[in-house]
Amino acid sequence: MNRSRGIARKIILLLMATAVVGTIGYGLLPQPIEVDMATIQRHLIQVTVDQDGKTRIRERYVVSAPLAGRLLRVGMDPGDEVEAGKTLLATIEPRDPALLDDRAIAQAEARVKGAAAALLKMGPLLDEAQVAREYTENELQRVRDARRNNPLAISASEVDNKLLAFRQRSALLRSVRHAEEIARFELEQAKSALIRSLPTESQAGPQETEPTDPSVLSTTANNGPNNHNPDNPNFDNSGRSRHFLIRAPIDGRILRVFQESSAVVVAGTPLLELGDPVDLEVEIDVLSEDAVKIETGAEVLLEHWGGEHGLKGRVRLVEPAAFTKISTLGVEEQRVNVIVDLIDPPAARMSLGDGFRVEARIVIGQAPQALCVPTSALFRVGERWAVFRVNGQVASRQWVELGLQNGLNAEVLTGLTEGDLVVVHPGDDVEEGCVLRRRE
């Protein structure tokens, strides 16, 4: 009986000793380290230059007083729509006696000749723009027909390039047409100024030049003695209105009114600024070291402009001259303006106006199906990049070669394959061969 109790006691002591040794051994085993992990996948990676920009109207037109006189109060306000040749912008009473001087007449004649030469110069430019637009339209139709007949023969990017060229030529044609309208308007204004500068019949006999455009010079009745009212100070001896009317040269809106109240003005005084709010472009100033990486035609993503969806654009021009700008930290920076054309139709951005702020991302490099690793998984060892790859539950340091990099991802050229697990934000406790456990 005593012998049996002794054997049982020894067995219990042995089990207790084994449990203690096992507990100590388990405590000495390395504990798994909780880490965040990411899976290596293929997706689009873009390298961009991110800067704030602002919209601006492509073409602005300042309407100035063509002659000296008293400007009547301007009834137009910023935002009002105007129609070329119809909307009355301002009225001038030419009361300055200097308008009847020989010198004023000679100057008015010189302005007529200069305006006529400027209008004549616009003819070839308009023809060239029209021919270029027709050519790009035909090219676009050809590639569309070719892609429709054989999708493998023409790529979608070629069609997009032809479409971009057609839109650019269309915008250039509109710009030249606006410039031609302005030149024609300036010629009409110069002719009218010459007519108003000539002496009246009471001073120098019958006039040799008669007004040919009633939209520029107000005429309430045909010239002649039957229509003359000597009691009306608004008409001269020939029955012609003394008021000089300035009408809108283009279709668009009033942007600014420089002189609203009635005042005596001299020739060349700015009165109003006109423009087409739909014809917008974006001006982005970037650092000069970033500007050298931007190419003409580069894709631009415009975000946080106030609409529900982002807008797309293309770089039209990287200005060749930089300027100095003081940053918010007081540091001098060399900046360069990048001009971007909007691709989206005006209907998609009707609420976007002149001088509005946008956040622009100019694409300087991209790969559509790049093998990407989060930049938070990368660390340097000397001059080389490395990551911790997860093999089973064990960390293994892996050297990698990188391509394109942005703030979130980097393109992996060698070292990893699709589907590999890597440690994100590896701490100092993560090292080669340690046991890992994915953080929940």
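**Entry 1, ground rules.** I am working on a predicted model, in which local features need pLDDT of at least 70 and side-chain atom pairs count only at pLDDT 80 or more, while totals for chains, interfaces and linings use all residues. Residues are numbered from 1 along each chain as its sequence is written, and side-chain values use heavy atoms, with hydrogens and water left out.

I looked up Glu319, which sits in the loop between strand S13 and strand S14 (323-326); helices (H or I, at least four residues) and strands (E, at least two) are DSSP runs, numbered from the N terminus. Leaving aside neighbours within four places in sequence, I find Glu319 in contact with Val336, Asn337 and Ile339. The C-alpha atoms of Glu319 and Val338 are 6.2 Å apart, although 19 residues separate the two in sequence. With a relative accessible area of 25%, Glu319 is partly exposed, given that buried means under 20%, exposed means over 50% and partly exposed lies in between (1.4 Å probe, protein chains only).

I count five helices and 22 strands in the protein chain, and of its 440 residues 37% are buried. Of the contacts with a separation of 6 or more, 74% are between residues 24 or more positions apart. The accessible surface, from the Shrake-Rupley method with a 1.4 Å probe (for residues, only the protein chains shown count as cover), comes to about 25600 Å², and 52% of this belongs to carbon and sulfur atoms.

I use the term for a side-chain nitrogen of Lys or Arg within 4 Å of a carboxyl oxygen of Asp or Glu, and the search of the whole structure gives 28 of them. In the one between Arg42 and Glu418, the closest N and O atoms are 3.7 Å apart. Arg42 lies in strand S2 (residues 41-57) and Glu418 in the loop between strand S20 (409-414) and strand S21 (421-424), so this pair ties together parts that are 376 residues apart in sequence. Arg42 is partly exposed at 42% relative accessible area, whereas Glu418 is exposed at 53%.

A second pair, Arg389 and Asp420, meets at 3.8 Å, N to O. This pair also links distant parts of the chain, with Arg389 in strand S18 (residues 384-391) and Asp420 in the loop between S20 and S21, 31 residues apart. Asp420 counts as buried, at 15% relative accessibility.

I also noted Glu83 and Lys86, whose side chains form a salt bridge at 3.4 Å, N to O; Glu83 is partly exposed at 38% and Lys86 is exposed at 57%. A network of salt bridges links Arg56, Arg58, Asp279, Glu281, Glu283, Arg316 and Asp341.

Rolling a probe the size of a water molecule over the atoms shows where empty space is left. On a 1 Å grid over the protein atoms alone, a cavity is a set of points where a 1.4 Å probe fits but cannot get out, a pocket is an open set with protein on both sides within 12 Å along at least five of seven lines, and lining residues have an atom within 4 Å of a point. Grid points are joined across faces, edges and corners, and a volume is the space filled by probe spheres set on the points.

The largest pocket holds about 600 Å³ of space. Its lining has 25 residues, and Arg58, Arg167, Ala171, Arg174 and Leu342 lie nearest its centre. Helix H3 (156-197), strand S13 (311-318) and strand S15 (332-342) are the elements that give two or more residues to this lining, with H3 providing the largest share, ten residues.

I find one cavity of 30 Å³ or more, and the space in the largest cavity is about 30 Å³. The residues lining the largest cavity are Ile57, Glu59, Tyr61, His178, Ile250, Asp251, Gly275, Asp276 and Asp279.

His304, in the loop between strand S12 (299-303) and S13, has a phi near 50°, a positive value in a residue other than glycine, and is exposed at 55% relative accessibility. His425, in the loop between S21 and strand S22 (436-438), has a positive phi near 55° and is exposed at 58%.

Conventions:
Contact means heavy atoms within 4.5 Å.
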